[in-house]
2 protein chains.
Amino acid sequence: MKPSVGIRDVAQHAGVSNATVSNVLNRPDVVAPATRQRVLAAIEELGFVRNESARQLRAGRSRVIAYVVLDAANPFFTDVARGVEDAAREAGMALFLCNSASDDGREREYLELLHEQRVEGILITPVDAESAQVAERGTPVVLVDREATDGTRCSVAVDDVLGGELAVTHLIENGHTRIAMVGGPLSIQQVRDRREGAVRALTNAGLPLDALTFLETKSLQVAEGREAGERLVGLPASRRPTAAFCANDLLALGLLQSMTQQGLRVPDDLAVVGYDDIEFAAAAAVPLTSVRQPREQLGRTAAQLLLTENEPGHEHRHVKFQPELVVRASTSVKRRP
Amino acid sequence: MKPSVGIRDVAQHAGVSNATVSNVLNRPDVVAPATRQRVLAAIEELGFVRNESARQLRAGRSRVIAYVVLDAANPFFTDVARGVEDAAREAGMALFLCNSASDDGREREYLELLHEQRVEGILITPVDAESAQVAERGTPVVLVDREATDGTRCSVAVDDVLGGELAVTHLIENGHTRIAMVGGPLSIQQVRDRREGAVRALTNAGLPLDALTFLETKSLQVAEGREAGERLVGLPASRRPTAAFCANDLLALGLLQSMTQQGLRVPDDLAVVGYDDIEFAAAAAVPLTSVRQPREQLGRTAAQLLLTENEPGHEHRHVKFQPELVVRASTSVKRRP
DNA sequence: CCTCGATGTTGAAACGTTTTAACGCCTGAG
DNA sequence: CTCAGGCGTTAAAACGTTTCAACATCGAGG
């Protein structure tokens, strides 16, 4: 490997001073065209690559933001990430993605590393409420898909209570009076909020609270949805719910699969509502009714908030989006031809 | 914001020299327990966070590797990334994910940035063959899911020709003689290889080459699969293929959805084989026959190769895994009860 | 002819770590 | 009493940039 060619090698090779090379790199307009060409040629010739560590050390700035994502395997988060990246790149920033995989140990390690890297800012969907506290260490942090309870930072979230309410109200309007909610663990704020919304929907409709059966899952992944489906089918027909509201689409897809495998039809035997409206929800063979969140916009807004963070008169803001019900075949009584 | 507390502030506060603080950070065993405690206390008290830029500038090392992923929204790649991350973290390295989103401009920018960051190594699934060349700049690079043609770097790949052969042979064995292959663009090596495998399967079975209709798509995403489905159904019944081999599962899922919407049954009217065996393939309402690749292992091996890259006697290696056909309902003639 | 401002370029001082060689101190052996 | 060697600590020199004040050079305006 080359003994690393530095800015002074370039300078020498081009017959100028290091300062000029630096100027070519950072303020090309300030240096005379002829000199600039000469320097660029030298850079090319020597294969110079700017050492970002040194730059950052001296300049203090870093051109990189990071998004610590809760579950990189969940398309919801990759969509949010896309929004983040679009906004970041418009501002000339690059995005590093870190996957905490719902593990608060990993999350902590990544946060520590990112602080040490002096990234310009951190977006995070934290594993739980406490871990959200930990983050403050000088680097601006914005919470994504979680609401900041204190006023110490910005957050961008979606109204999950409303989302749950929309979903279950829709089921009730379709005549369902025995409804299951599938989701968990309850340590996740989203799950709690969505359940609260579901309960509110019952109340609004004058239904008793036991119209809702809560099936708790260990995680929000497909396999857990399948497992919940088996539990559901195991119930005696008289008590079995006629509709299920899943805390996210992964669960709903698992549930859907489980139904089909066990010979039950959706929506005829069981109506299913998911949450997030990921692309695979629409692409499922029984297209899934789901609660859509503005995923890209969530990410985009979070990034924009983050980037205003060290402007002079910055006030921490809490943006909250409204979810929206998207009705598809998995809940419509009449099948499409 | 704090005026950033440095190692010398800590040193002063603990009544030792900076070198000792540095030792506490990097070789804790070399410093006397009493002193160490004092230093740690000072660090805690002042809220000191090591400046990684400075560390890296001086030490030359970086504790970070990066994976430039082709499409973060494709679960195949997030699974590969999981493997990478597991291997990385076993070696005490952190992983930064960058999403090129199949855009060679983005890819180039990220590569440049990563080189500037002096990351310890780069894994990449390049957008195309040429962009793979660009990468060499001093930082070790390992190709993931692509075979390096020259001997200048390691690569980890899966035998895509064999995969295509497996898929189409399976269809032929099930009696299909008019088969569509859906995939594209052809600039992607994988698509070409899988098609080559498909052709080989025809040849092996003594079928004419025009038994295979190639439907080229613009990308490997769900929407394109849907679109291809419409094209397929539009064909006159006499010429319409009875089976489709899709270059990846996203296409297959789109195709599947399109079939159902248009009132065609899978596999009765059209058998479908996907590629990658992502989790959603098994979770589809008509579970998808697919060609499985060892996703986590692909990532894991790539990371391990990368980490041996600057050991003294390193030889560039090209690892190639075998794919495996997973048969499910989307191609089995008899439906499960 | 002098001054002035504009335009380009530069020398040298940071930035916050790690690292190396040297240092003082102490202990135990000779 | 000396000396070797181990131990813990330190002063100072890097690492490769950016930045700032200062310095040439030159053409124009007085």
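**The DNA side and the chain contact**

Modeller: This is a predicted model, and in it the surface near DNA strand D is made up of 12 nonpolar, 12 polar and five charged residues.

Biologist: What makes a residue count as near DNA strand D, and which are the closest?

Modeller: The test is that the C-beta atom, placed from the backbone, lies within 6 Å of the strand; 29 residues surround DNA strand D, and the closest are Ile7(A), Ser22(A), Ala54(A), Ala19(B) and Thr35(B). Two or more residues each come from helix H1 (7-14), helix H2 (18-26) and helix H4 (52-59) of chain A, and from helix H2 (18-26) and H4 of chain B. H2(A) gives the largest share of this surface, six residues.

Biologist: Why is the relation between chain A and chain B called a two-fold axis?

Modeller: Chain B is superposed on chain A by a rotation of 180 degrees with 0.2 Å of shift along its axis, at an RMSD of 0.2 Å; that is the relation of a two-fold axis. The same surface serves both copies, with 95% of the contact residues of chain B recurring in chain A.

Biologist: How many residues does each chain bring to the contact, and what kinds of residue does chain B bring?

Modeller: Counting residues whose C-beta atoms lie within 7 Å of each other, the contact takes 43 residues from chain B and 42 residues from chain A. On chain B, the elements that each supply at least two residues include helix H5 (75-90), strand E2 (94-99) and helix H6 (104-117). By class, the side of chain B that touches chain A has 23 nonpolar, 12 polar and eight charged residues.

Methods
Residues are numbered from 1 along each chain as its sequence is written. Chains are lettered from A and ligands numbered from 1 in the order in which they are written. This is a predicted model: local features need pLDDT of at least 70, side-chain atom pairs count only at pLDDT 80 or more; totals for chains, interfaces and linings use all residues. Copies are superposed by least squares on the C-alpha atoms of residues with pLDDT of at least 70 in both. Two residues are in contact if their C-beta atoms, placed from the backbone, lie within 7 Å. Helices (H or I, at least four residues) and strands (E, at least two) are DSSP runs, numbered from the N terminus. Ala, Val, Leu, Ile, Met, Phe, Trp, Tyr, Cys and Pro count as nonpolar, Asp, Glu, Lys and Arg as charged, and the others, Gly among them, as polar.
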